[in-house]
Amino acid sequence: MPTIITFKNVNKTYDDTGQVVLKDINLDIQEGQFVTLLGASGSGKTTILNIIAGLLDATSGDVLLDGKRINDVPANQRNVHTIFQSYALFPNMTVGENVAFALKLQGLPKAEITRRVSETLTLVQLAGFENRSIAKLSGGQKQRVAIARAIIDQPRVLLLDESLSALDHKLRKDMQYELREIQQATGITFVFVTHDQEEALAMSDWIFVMKDGEIVQSGTPTDIYDEPINHFVADFIGESNILEGNMIADYRVSFNGQIFDAVDGGMRPNEAIEVVIRPEDLWFTLPDEGKFNVRVDTQLFRGVHYEIVATDDFNNEWLIHSTHKALVGETVGLDFEPEAIHIMRLHESEEEFDARIEEYVDDSVDPSEDGLVAAVKEEEAEEEAAVLEALAEKLENTMDITELAKEIDEKLNDGNKI
Ligand SMILES: Nc1ncnc2c1ncn2[C@@H]1O[C@H](COP(=O)(O)OP(=O)(O)OP(=O)(O)O)[C@@H](O)[C@H]1O
Ligand SMILES: [Mg+2]
């Protein structure tokens, strides 16, 4: 996939306030991807969008579109469109006239404009809305008109600034799916801005996490969720358990007064680190049968799971997602796999982090990367191996071969569920 937008050492300082709002931003955006700038209010997301759009000049550094420097190219010659949070529709025009706008400017024949407006309205699920006035649209419909108007002339890049934040919860979820579908159907590169981490994880091919005018981490949603670079990202991107610890040696980490197996390495012996463990990676055992015991403090039902807060002997609070109901006040064991322990260095650049993760974490075996069918096949293969092993054992104890064959057949045909 070729790179469509590049920032090289881009800085932005506002003359009037003297505030540095972008600090040495370097980024590459790949063509045809759904890319998200994720960060808290004031982190510089809109500033980056405006620099891409040509609505704002960088104070220093280079901005490239398709490999060419565009710092001095005016906004209307960049073939980049923006969807603003207000949608900025033309109120005195119909839906059709709004959507047709860019094509009329190009002076295309009327019949072609009519055809393309109709096609584009169908794509955003507003077929037949051509003659509707803008005032008679719901918020979601206005959003769709704004999208249609922005994509009809196939821009190189579409910039969307907090586009979904004005919509109610249910509509927002629906629009997340739709935006993603529209992006995939058109192949246009989308650069989307949000401060909502769930939205970013759900929609993006690639995420840039921003803080105070800097990019703190970039990667796929799974990269960022599974391997947050530091406390800030781990905390910002989802509910986590974050603890202080020490890396005793490669693959050996200590926290909570105990030493645990881990899958990371590459630190100095005894280096102080932080550990993050996601609530869904923890499970309960009988007392004394897990890694350590915890006492259940509170429990909330969240529909798919219970959200449980429990305290260990060191007074650390643990957040646990469990499909089992707990009793407040009971003491239980808590357990997890070495893979659930994510190690974060206290000070590490993104380059150092990437190199370390590359070397020590083997993510080539994650079946979820290959989809459900591959995951089910892998499970079946494991089951089959277990059945064959059992067969070998039974043969040793000489059992009737027909009975045994039937038993195996039944066991093997039991699976195949997604
Ligand atoms: N025209 C301006 N003059 C001076 N400072 C500005 C101007 N526009 C933005 N800023 C400052 O630049 C910083 C980054 O602003 P920006 O709008 O890029 O943040 P953001 O990440 O989009 O935030 P939000 O989520 O609130 O929209 C903020 O501290 C803001 O106060
Ligand atoms: Mg903004």
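Predicted model: local features only at pLDDT ≥ 70, side-chain atom pairs only at ≥ 80, totals over all residues.
Local features need pLDDT of at least 70, side-chain atom pairs count only at pLDDT 80 or more, and totals for chains, interfaces and linings use all residues. Residues are numbered from 1 along each chain as its sequence is written, while chains are lettered from A and ligands numbered from 1 in the order in which they are written.

Me: What makes β11 and β12 a pair?
Reply: Pairing requires that DSSP finds at least two bridges between two strands. Here 3 bridges join β11 (residues 241–249) to β12 (residues 252–255). Asn-246 has Ser-254 in β12 as its bridge partner. A strand here is a DSSP run (E, at least two residues), numbered from the N terminus.

Me: Why are β13 and β20 called edge strands?
Reply: The open sheet has 5 strands in the order β13-β12-β11-β14-β20, with antiparallel pairing. Both β13 (258–261) and β20 (342–345) pair on one side only.

Me: What makes a residue part of the shell around ligand 1?
Reply: Its C-beta atom, placed from the backbone, must lie within 6 Å of the molecule. For ligand 1, 13 residues surround it; the closest are Tyr-14, Ser-41, Lys-45, Thr-46 and Thr-47. Helix α1 (residues 45–53) gives the largest share, 3 residues. A helix is a DSSP run of H or I, at least four residues.

Me: Which residues of α2 are called buried?
Reply: Buried means 20 or more other C-beta atoms within 10 Å of the residue's own, with C-beta atoms placed from the backbone. In α2 (residues 95–105), Val-95, Gly-96, Asn-98, Val-99 and Ala-100 are buried.

Notes:
Buried ≥ 20, exposed ≤ 12 C-beta atoms within 10 Å, placed from the backbone.
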